[in-house]
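Please look over the sequence and the model first.

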Amino acid sequence: MKLKYFSAPYLVWMVVFILVPLLMIAYFALTNDNGQFTIKYLGDVGQYANIFVRSIWLALIATAICLIIAYPVAFILSRMDKHRQGTMLMIVMLPMWMNFLLRTYAWMTLLGNNGIINHLFGLVGLGPFKLINTSGAVVLGMVYNYLPFMILPLYSVMEKIDNSLFEAASDLGCSSRQTLVRVIVPLSVPGITSGITMVFVPAISTFIISRMLGGGSNLLIGDLIEMQFLGNAYNPHLGAAISLVLMVIILVIMTVMNQFDPDDQVLM
Amino acid sequence: MENIVSLKNIILEFEDSERILKNISLDIKDKEFVTFLGPSGCGKTTTLRIIAGFLEPTSGDVFFDGQRINGVPPHKRNVNTVFQRYALFPHLNVYENIAFGLRVKKVPEKEIVKRVGEMLELVNLMGFEKRTVNRLSGGQQQRVAIARALVNHPKVLLLDEPLGALDLKLRKEMQIELRRIQQELELTFVYVTHDQEEALTMSDSIVVMKDGIIQQIGSPTDIYNEPVNAFVADFIGESNIVNGCMPKDCVVEFTGRRFECVDRGFSPNETVDVVIRPEDVKVIPADKAQLTGIVESVVFKGVHYEMIVDGVDHKWVIHSTKAEPVGAMIGMTFDPFDIHIMKKTEEE
Ligand SMILES: Nc1ncnc2c1ncn2[C@@H]1O[C@H](COP(=O)(O)OP(=O)(O)OP(=O)(O)O)[C@@H](O)[C@H]1O
Ligand SMILES: [Mg+2]
């Protein structure tokens, strides 16, 4: 089996860059400064339950909104002429080519109390509204940044669905809505699950978006972890413990998602 | 019998392409087995798609059961289709593919089990219920496609080359089965094929098409025995087609000789196509014949021999139960009623 030799470098890579760091996080989470085993830090994570709940909640809302927006977009894209699909796909991807921080800064100026949107409201005698530093702004930031990650996997499964299947469904008595429910959705399940994964995972662990658009009052898990390593609260053991818990939560959610996917193709 | 489907002056043009259907008019009677026969690209699938509702004609009317149904979407037409390229649902197994139409119509589960079971038996796919369709052979997929459409007992079933992927033996069996079902359930079948033998054996009536124009509509016997032009004659079975002219009624001249025939009503010396079936050419001793030729090849075809005989200006195809040696000079003759005279088609 020649293949074995070729896969060796990848195995080494996986061990060094994935397995070892994971074990280190587990080690940090379960020891104190003197290297003694303790579950104190894992216990401490409980204090931050409200932050976990908010993070999961906001990430879920953002994922749901992404799905609702991306589904029709991906479908329309997949039904266009082949050569127009390329152009449209590029337009969808275009914001991704701009730096993540810059994109989020742009939203800060748009949403600020003296920002462009409030300025426009002012012209018609409304506002100013409090737009920035709200959980809504955080969700907006997540949707804006992660939407392409939902569109792409959906598009790539939908593009493979042949038009003749819609004709067959319609021939067998399906209205457009029934065709959607009985044919299009079941066939795009792999795209839905991988899209959800690709949006939900970064959304639940983001810290930049909540920092810039959420102000101090919308702390997410990502911020919490960052503070343990880089901030004033310096406590890597607690940080590692929080990361570990977050990983377990994501793992559980993804396993549940897997149950809906007939082919078990979900990216973990 | 009443007309179940009628097409009236159907013209179809795709965007930026030439005319595909050129004034198709056709009545399909209830409980009839109608076959569209014609070469590839002549518009058979397109005509079926217009009946099913996937295509709107550029002009012309479609009637179903006496009612004009232009613009009625496919799911509201009491018509089901067996697609040329199957179009099975890849996310469903064989059983669920067949049950699809019944589930959409909210048929009770008990009835679904019964009807799908019948269909599986019919298409000989028992034991395949749980298979996903992309793990089936082409022929098996085709049979699922037939079952999926037929299970709905539509008034009209459109079948687009439904047996194309099957081997000869299975195809013959399915031909008999489909014909039986059609008669037993009293359904109307509109069947597309380019296999003329299939068309002749199965149909009540055959529609021969070429380049988006109906050439002839008639029963298999009519079409075979009385083809209206050389194209139909050639397409339905093999034919010898030679140029000739009619000096007067009941006399035709071809390959430089005169023959007695039974056709009349042509203008004097009108040029015509003369069509003679290979089995109607009689082999006689060369010294007794006005038409002679040299045997070029002999091929055994199971029931008969097929001989190619080089006459002076035409190579004759002859079907005979007796073979002549290659290189022999033989004579040929025809009974007057076996000589079919046809008007030249204008375009040629
Ligand atoms: N969507 C389309 N756009 C443009 N032209 C088309 C389209 N579909 C079919 N055609 C053309 O219409 C003509 C008739 O096609 P059709 O599929 O009806 O042929 P057919 O008789 O079913 O042939 P076959 O026996 O090969 O299936 C062909 O010349 C084909 O190229
Ligand atoms: Mg066709």
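The report below goes from the overall form of one chain to selected sites.

## Basis of the model

This is a predicted model, in which local features need pLDDT of at least 70, side-chain atom pairs count only at pLDDT 80 or more, and totals for chains, interfaces and linings use all residues. Residues are numbered from 1 along each chain as its sequence is written, chains are lettered from A and ligands numbered from 1 in the order in which they are written, and side-chain values use heavy atoms, with hydrogens and water left out.

## Chain A overall

Chain A has twelve helices and zero strands. Helices (H or I, at least four residues) and strands (E, at least two) are DSSP runs, numbered from the N terminus. The C-alpha atoms of chain A fill a box of roughly 75 × 70 × 30 Å along the principal axes.

Chain A has 268 residues, and 42% of them count as buried. Buried means under 20% relative accessible area, exposed means over 50%, and partly exposed lies in between (1.4 Å probe, protein chains only). Among contacts in chain A with a separation of 6 or more, 70% join residues 24 or more positions apart. Contact means heavy atoms within 4.5 Å.

## Helix α8 of chain A and its cover

Helix α8 of chain A spans residues 163–171 and is mostly covered. Seven of its nine residues are buried. They are Leu165(A), Phe166(A), Glu167(A), Ala168(A), Ala169(A), Ser170(A) and Asp171(A). The cover comes from both chains: it includes α3 (49–79) and α9 of chain A, and α1, β6, α2 and α4 (138–150) of chain B. Just after α8(A), Gly173(A) takes a positive phi of about 105°.

Thr179(A) sits in helix α9 (residues 176–205) of chain A. Is Thr179(A) buried or exposed? Thr179(A) is buried, because its relative accessible area is 7%. Beyond its neighbours within four places in sequence, Thr179(A) contacts Phe166(A), Ala169(A), Cys174(A) and Ile184(A). Phe166(A) and Ala169(A) are among the buried residues of α8(A).

## Helix α1 of chain B

Helix α1 of chain B covers residues 44–52 and holds Ile50(B). Ile50(B) has a relative accessible area of 1%, so it is buried. Leaving aside neighbours within four places in sequence, Ile50(B) touches Ile10(B), Leu12(B), Leu21(B), Leu55(B), Pro57(B), Val62(B) and Arg77(B). Ile50(B) and Asn70(B) are 20 residues apart in sequence, with their C-alpha atoms 9.0 Å apart.

## The magnesium site

Which residues are the protein donors of the magnesium ion (ligand 2)? They are Thr45(B), through OG1, and Gln84(B), through OE1, at 1.9 to 2.4 Å. This pair links distant parts of the chain: Thr45(B) is in helix α1 of chain B, and Gln84(B) is in the loop between β6 (79–82) and α2 (94–104), 39 residues apart. Donors are N, O and S atoms within 2.8 Å of the metal (3.2 Å for Na, K and Ca); water is not among the atoms, so sites may look incomplete.

Thr45(B) counts as partly exposed, because its relative accessibility is 28%. Gln84(B), at 32%, also counts as partly exposed.

## The shell around ligand 1

Residues around ligand 1 include Phe14(B), Ile20(B), Glu161(B) and His194(B). A residue is near a molecule if one of its heavy atoms lies within 4 Å of it. α1(B) gives the most to this shell, with three residues.

A backbone N or O atom of Gly41(B) lies 2.8 Å from one. A polar side-chain atom of Lys44(B) is also 2.8 Å from an oxygen atom of ligand 1. For a side-chain N or O atom of Thr45(B), the distance is 2.6 Å. The protein covers 60% of the 640 Å² of accessible area that ligand 1 has on its own.

Note on methods:
Polar contact = N/O pair within 3.5 Å; in protein donor to acceptor, adjacent residues only side chain to side chain. Areas by Shrake-Rupley, 256 points an atom, 1.4 Å probe, with all protein chains shown as cover.
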